[in-house]
Amino acid sequence: MENNNLDWDNLGFGYHKTPARFVANYKNGEWENGGLTEDDTIVLSECAGVLQYAQTIFEGLKAYRTEDGRIVTFRPDLNGERLENSAKRLEMPVFPKEKFVEAVVETVKANADFVPPYGSGATLYIRPYMFGSNPVIGVKPADEYQFRVFTTPVGPYFKGGVKPLTICVSDFDRAAPHGTGHIKAGLNYAMSLHAIVTAHKNGYDENMYLDAATRTKVEETGGANFLFVTKDNKIVIPKSDSILPSITRRSLVTVAKDYLGLEVEEREVLFTEVKEFAECGLCGTAAVISPVGKIVDHGEEICLPSGMTEMGPITKKLYETLTGIQMGRIEAPEGWIKVIE
Ligand SMILES: *Cc1c(COP(=O)(O)O)cnc(C)c1O
């Protein structure tokens with residue numbers, strides 16, 4: 001398949017079918033080896049476990065074209081590890097992380113023509129996922145599963161420049177204490193849709209979720225972790241068992257400490273403290289870090305001193321260092337970059 005009809009600059013974040021995807025089935029208590037297929041469709045029983053009781057988990061990562069033309073992915077072993085943890089929590093069979101990385105590599109290689117050129121800002125988004133595939137009507141885990149990996153080219157996140165976000169404190173909860181907030185499961189997103197549609201209707205870009213038990217502590221947004229910067233340039237990361245452990249956020253912590261020499265505190269963050277911070281960013285694979293300019297709590301506005309026109313200085317340094325590492329301009333810590341070809 002040809003890729004030269006794709007306009008890398010105007011891709012956006014949407015699904016574009018690429019030639020190959022990886023499929024492996026779990027049956028009779030074991031995973032088959034699996035392999036690549038051109039078939040982008042799935043035929044399932046009308047009673048498949050995933051359709052009835054939402055037994056499905058996923059991952060998201062990117063393949064990048066580096067300055068010297070190689071194709072790399074960023075810490076795919078951590079995505080594999082996180083999918084293992086998600087599987088355990090939803091009573092699904094573990095797809096081993098070593099096989100996960102092999103499947104990602106195979107899929108990206110087969111779609112190498114769709115990895116956007118260096119400098120375009122576009123990337124090849126990789127979506128591994130797994131779901132219960134056999135009929136389930138009494139509530140229980142499925143007996144059969146399918147693991148798949150597909151890819152889709154996505155455009156630059158900050159098209160037309162950085163625009164700090166305005167977010168609102170949500171009236172809905174994302175994750176219960178001892179619930180499933182710490183795993184990457186479709187169910188967490190299904191129930192967040194009403195909250196995000198409501199936020200958008202009210203003119204906000206994103207929701208800030210507080211802890212469900214007390215509504216006093218900052219958790220995260222629907223799909224990104226918070227990172228705050230204090231007025232004396234310390235990084236503060238909210239800590240909670242119901243936050244999804246973002247690989248981007250964990251990597252930014254290392255960048256802050258080891259590359260920028262900044263102090264990092266991982267601790268509970270009270271919402272009442274937020275007005276004291278100098279910068280706020282949302283961390284995730286899609287944007288790496290998106291600056292937040294304003295946080296609105298039922299009409300009360302907190303305007304971050306970093307402002308509504310650009311990234312704050314520390315956010316910018318973090319962004320430039322981590323994207324530099326991903327794109328091969330800055331030397332990466334051992335094991336962070338998986339070269340595909
Ligand atoms: C995927 C996800 C993130 C970001 O994680 P990364 O590994 O950095 O992409 C943050 N929060 C939630 C709820 C997520 O599902």
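**Notes on the predicted model, point by point**

1. Let me start with Thr-248, which sits in helix H6, residues 247-259. Helices here are DSSP runs of H or I with at least four residues, strands are runs of E with at least two, and both are numbered from the N terminus. This is a predicted model, in which local features need pLDDT of at least 70 and side-chain atom pairs count only at pLDDT 80 or more, while totals for chains, interfaces and linings use all residues. Residues are numbered from 1 along each chain as its sequence is written, and side-chain values use heavy atoms, with hydrogens and water left out.

2. Is Thr-248 buried or exposed? Its relative accessible area is 7%, so Thr-248 counts as buried. The cut-offs are under 20% relative accessible area for buried, over 50% for exposed, and partly exposed in between, with a 1.4 Å probe and protein chains only. Leaving aside neighbours within four places in sequence, Thr-248 is in contact (heavy atoms within 4.5 Å) with Cys-283, Gly-284, Thr-285, Val-288 and Leu-322.

3. Thr-248 also leads us to the ligand. Of the 15 residues around the ligand, those that come nearest are Lys-184, Tyr-189, Ser-246, Thr-248 and Thr-285; a residue is near a molecule or strand if one of its heavy atoms lies within 4 Å of it. A side-chain N or O atom of Tyr-189 is 2.4 Å from an oxygen atom of the ligand. From the backbone, an N or O atom of Ile-247 lies 2.9 Å from a ligand oxygen, and a polar backbone atom of Ala-224 is 3.4 Å from a ligand nitrogen. A polar contact is a pair of N or O atoms within 3.5 Å; within protein, one must be able to donate a hydrogen and the other to accept it, and residues adjacent in sequence count only if both atoms are side-chain atoms.

4. Now the packing. Which residues have the most contacts inside the largest nonpolar core? They are Trp-31, Ile-57, Phe-95, Val-108, Met-130 and Phe-147, in a core of 37 residues. Such a core is a set of buried Ala, Val, Leu, Ile, Met, Phe, Trp, Tyr and Cys residues joined through side-chain atoms within 4.5 Å. Among the elements that give two or more residues to this core are strand S1 (21-27), helix H2 (76-89), helix H3 (97-110) and strand S8 (145-154). The largest share, six residues, comes from H3.

5. H3 has 14 residues and reaches 20 Å from its first C-alpha to its last, close to the 20 Å expected at 1.5 Å a residue; the expected span is 1.5 Å times one less than the number of residues. Its buried residues include Phe-100, Val-104 and Val-108.

6. Phe-95 touches Phe-22, Ala-24, Trp-31, Glu-84, Phe-100, Met-130 and Phe-147, not counting residues up to four places away in sequence. A second, separate core has 22 residues, including Leu-227, Val-255, Cys-283 and Leu-318.

7. Val-229, in strand S11 (residues 225-229), is buried at a relative accessible area of 0%. Val-229 and Thr-315 are 86 residues apart in sequence and 8.0 Å apart in space, C-alpha to C-alpha.

8. On to the rings: the structure holds 14 aromatic pairs. Rings of Phe, Tyr and Trp (its six-membered ring) pair if their centres lie within 6.5 Å; planes under 30 degrees apart are stacked, over 60 edge-to-face, and the rest tilted. Phe-13 and Tyr-125 have ring centres 5.3 Å apart and planes at 70°, so the pair is edge-to-face. Phe-13 lies in the segment before S1 and Tyr-125 in strand S7, so this pair ties together parts that are 112 residues apart in sequence. Phe-13 is exposed at 58% relative accessibility, whereas Tyr-125 is buried at 10%. Phe-226 and Phe-228 are stacked, 5.5 Å centre to centre with 10° between the planes.

9. Finally, two backbone details for you to check. Asn-28, in the loop between S1 and strand S2 (30-31), has a positive phi near 50°. His-178, in the loop between strand S9 (165-169) and helix H4 (186-190), has a positive phi of about 65°. Most residues other than glycine have a negative phi. Asn-28 is exposed at 74% relative accessibility, and His-178 is exposed at 79%.
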